[in-house]
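Trainee: Could you take me through this model slowly, setting each value against its definition?

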Amino acid sequence: NKSVKLQLSLAKLQLALLAAENKPFAIPEPSGITLALPKEKADRELLKDAIAFCINSLGHDVVRAEWYGVTLEADGKDLYIFTGYEQVLAQAIVPLTKKAKFRVILPEKFCQQVSAYCETCDITIDEGHAILTDPKVRVFGRALSSDMPIDMKLIASEAEGRSDHFVPIPK
């Protein structure tokens, strides 16, 4: 029963330590859908810019997962990247080199890593998580869940052409 005691101002905290035989969390090997991301630099830059743009419009209200995570939705050969919070909607479409169909909501910190390493990374979407694999780093990201997903593609299509409600990502 080893533990460490911390005292921060008036707060006192006692944390249990893991026994030496307990192994820390290890990132699992990617086994799900690996995104067929384009290899062209211009398309990788679009992916990077789209994710960065979406991160800027994230909220911090935890009521809906779509408000504090970036949604990646593959529908055929297009990868839709979007987020929405209050009156803000950010969306981008990145071409995939192979058809896929999935929807995942990824947390902000994971998306920041994708934006930083997307020029050379692969992204695998698995049950409940995503893994970014790059020659220099491997990052695990827990997927956020939503009981009632917001149909962002429908919202975006209804808002398209209405300059007072929808601003396209500059090219």
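Mentor: Let us begin with handedness: a crossing is left-handed if the near helix is turned anticlockwise from the far one by less than a right angle, and right-handed if clockwise. Here α1 passes α3 in a left-handed crossing. This is a predicted model, in which local features need pLDDT of at least 70, side-chain atom pairs count only at pLDDT 80 or more, and totals for chains, interfaces and linings use all residues. Residues are numbered from 1 along each chain as its sequence is written, and side-chain values use heavy atoms, with hydrogens and water left out.

Trainee: What makes α1 and α3 roughly antiparallel?

Mentor: The axes of helix α1 (residues 41–56) and helix α3 (residues 108–117) come within 9 Å and cross at roughly 150 degrees. Angles under 35 degrees count as roughly parallel, over 145 as roughly antiparallel, 65 to 115 as roughly perpendicular and the rest as oblique, and α1 and α3 are therefore roughly antiparallel to each other. Such axes are lines fitted to C-alpha atoms, for helices over the stretch in contact, with angles running from 0 to 180 degrees between N-to-C directions. Helices (H or I, at least four residues) and strands (E, at least two) are DSSP runs, numbered from the N terminus.

Trainee: Which residues make the contact between α1 and α3?

Mentor: With contact meaning heavy atoms within 4.5 Å, α1 contributes Lys-48, Ile-51, Ala-52 and Ile-55, while α3 contributes Glu-108, Cys-111, Gln-112, Val-114 and Ser-115.

Trainee: Why is the pair of Glu-29 and Arg-138 called a salt bridge?

Mentor: The term requires a side-chain nitrogen of Lys or Arg within 4 Å of a carboxyl oxygen of Asp or Glu, and the side chains of Glu-29 and Arg-138 meet at 3.2 Å, N to O. Glu-29 lies in the loop between β2 (11–16) and β3 (33–34) and Arg-138 in strand β8 (residues 138–142), so the pair ties together parts that are 109 residues apart in sequence.

Trainee: How do you know whether Glu-29 is buried or exposed?

Mentor: Buried means under 20% relative accessible area, exposed over 50%, and partly exposed in between (1.4 Å probe, protein chains only). Glu-29 has 58% relative accessibility, so Glu-29 counts as exposed, whereas Arg-138, at 32%, is partly exposed.

Trainee: How many salt bridges does the structure hold?

Mentor: The structure holds 3 salt bridges, and one of them joins Arg-103 and Glu-73 at 3.1 Å, N to O. At 16% relative accessibility, Glu-73 counts as buried, whereas Arg-103, at 30%, counts as partly exposed.
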